[in-house]
Amino acid sequence: MMARRHQPNPRSRLVFLSMLGIWVVIAVAMQGRFAQDAVPFVAAGDLATTHPADVYRPHMTSLYDVSPQFATTSCNLAPAGTNCSDVVVGYVSTPQALPLSWVLGRLGSSLGVLAMRLLAAVSLAAGMLLLWQRLATRTRNAGTALAVTAVALTPMVMVPLSLGQNAPLLFLSACLGLSGTERGQKRAALVAVVWVATVSFKAFPAALVLVLLWQRRGKVLGWAVGAAASLAALTALLGPVSWYRDFLHASRAISGFAAANRFNGSIDAVVHGWSPALVGSSAFGPVYLVARLALVGGLWWWRVRHADADTQWAWAWVAVLLFVPLAWWHYLFVGLAAVALALAGRRKLTDRLLWWLPGMAVVSAVVSVPYIKDHPLPLVQALVLVACVAAVPLLVEAPRVSDPGPATSPAPPQPTLACR
C-alpha cells in the first residue's frame, strides 16, 4: 500500500531553499579570508610541476610541519597580514587529488580558494535538496521540520565553508545513496564519481567498497574503477610515482600524532585523552580494533542488513568514522544524512520521528559555535558520532516475515538534484 503523500507548506519550502542559497552566498562572501584547508590544495597544485618533492612532508611531526618551499608558496597565497607560521598546514590528500590541485593552482589564490568554498557549499546544498525530495512529502509537517533543520545547521555549515574543506562531498555521497544505480548508467556514474572524489581527498572512504560488494553494485564499481584509473593516469602525467610512497609515510606520521590534536573528535582521541599510555600499549590496539569491528558487525547483522540500500550506504559512512584516527567535526554531516535516510526508508513515518533531524541540527549548532570560536568539544563530537552509529539501526524497522529483503524489494522513487 502506497504511503500517503503530503504537500509541503510553501513557506517552509521558501525558507528551506533560501537557507541553501544563503550558504552559497556565504561561501562567496568569505573571499579575502584565509581558508586553512583550501590553501594547501592550491599550493600543492603550484608545486606539483615545479617542486614535486615539496608536495608532501613524508615524516611530518604535526599538520603544521611543512617544507620551507611549501610554507613560502602557501604564505604567498594567503591574504595579507596572515600569520603563516601559525595557520599553514600541509597537503595530506592522496596523489590522485593532485590533478584537481593542479587546476586550482592555475586558477590562482583567489579563484582557487573560492572554487573550494563553492564546492563545499554546493555539496551541502545539493545533499539537503536530496533529503528534501526524500522526506518533504512524507508527513504533514515534514517541510517545516526540514526548514528548521536547514536554519539550525547553518553554524555547522560555516565550519567547512570558512576552512575551504572538501568534507561536504562525504555528505553529498551519503545523501545520493545507491538505489537505482543498476537501472541507470547516469546515476551509477554520478554516485561513482562523487565517491571516488571523496576517496581521492580522504582515502578512508575506500572502505565503503564493502557495501558496494555486499549489494553487488556492478555498475557503480565499474564506473568507480574507470574514474580512479583516469585520476591515476593524470597523476602519472603530472609527477613522480614517489608521491604515493610519500603519501603513505605522511599518513602513518599523521596517525601517530593525530590523537593529541585538540580539534580531533575521533574515538582514538578521546581514549588518548583518558589514558595516553593505554593508546600506546601494544596489547590495546588489537583488542580495541576487535571491539569496534564487533560493534559495527553486530549492528549490521542485527538491523542494518535489513534496511534499504540507501540506508546501508549512508550508515556505512558514519560507521567507518569509528576507525578513522583523525575525525574533524564537519565529518559528522554524514551522521545527519544517515539518520535522514533511515527515516526515509521507513514504511511508516510520523512527524514526531522526523523531528529527530531538527534536534540533531540544534545539537550541531551547540557544538559548532564554540568550535568556530576556537573552543572545540572533542568528547561531545565523539559522543555524537557514537549516537549516530547507534541511532540508525534503532530507526530501521524490524523486517516483516513476508519481506523479501532489500536486495529484491521494489526500489523507491529516485531523487535527483533538481528541486521538485
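Predicted model: local features only at pLDDT ≥ 70, side-chain atom pairs only at ≥ 80, totals over all residues.
Local features need pLDDT of at least 70, and side-chain atom pairs count only at pLDDT 80 or more, whereas totals for chains, interfaces and linings use all residues. Residues are numbered from 1 along each chain as its sequence is written, and side-chain values use heavy atoms, with hydrogens and water left out.

Two packed helices are described by the angle between their axes and the distance between the axes. Helix α1 spans residues 10–29 and helix α5 spans residues 98–135. Helices are DSSP runs of H or I with at least four residues, numbered from the N terminus. The axes of α1 and α5 come within 7 Å and cross at roughly 165°. Axes here are lines fitted to C-alpha atoms over the stretch in contact, with angles from 0 to 180 degrees between N-to-C directions. Helices α1 and α5 are therefore roughly antiparallel, a term for angles over 145 degrees. Their crossing is right-handed: the near helix is turned clockwise from the far one by less than a right angle.

On the α1 side, the contact residues include Phe16, Leu17, Leu20 and Trp23. On the α5 side, they include Leu114, Leu118, Met128 and Trp132. Contact means heavy atoms within 4.5 Å. The residues of this contact divide into 15 nonpolar, one polar and two charged. Nonpolar covers Ala, Val, Leu, Ile, Met, Phe, Trp, Tyr, Cys and Pro; charged covers Asp, Glu, Lys and Arg; the others, Gly among them, are polar.

His6 lies in the segment before α1. The residue is buried, at 16% relative accessible area. Buried means under 20%, exposed over 50%, and partly exposed in between (1.4 Å probe, protein chains only). Neighbours within four places in sequence aside, His6 contacts Ala136, Thr137, Arg138, Thr139 and Arg140.

The model has one disulfide, defined as a pair of cysteine sulfur atoms within 2.5 Å. Cys75 is joined to Cys84, with an S to S distance of 2.0 Å. The link is right-handed, with 80° about the S-S bond. Cys75 is partly exposed at 33% relative accessibility, whereas Cys84 is buried at 13%. Cys175 is in no disulfide. The nearest cysteine sulfur to that of Cys175 belongs to Cys388, 13 Å away. For Cys388, the closest cysteine sulfur is in Cys175, too far for a bond. Cys175 is buried, at 0% relative accessibility. Cys388 is also buried, at 4% relative accessible area.

Notes. Helix = DSSP H or I, 4+ residues; strand = E, 2+ residues; numbered from the N terminus. Parallel < 35°, antiparallel > 145°, perpendicular 65-115°, else oblique.
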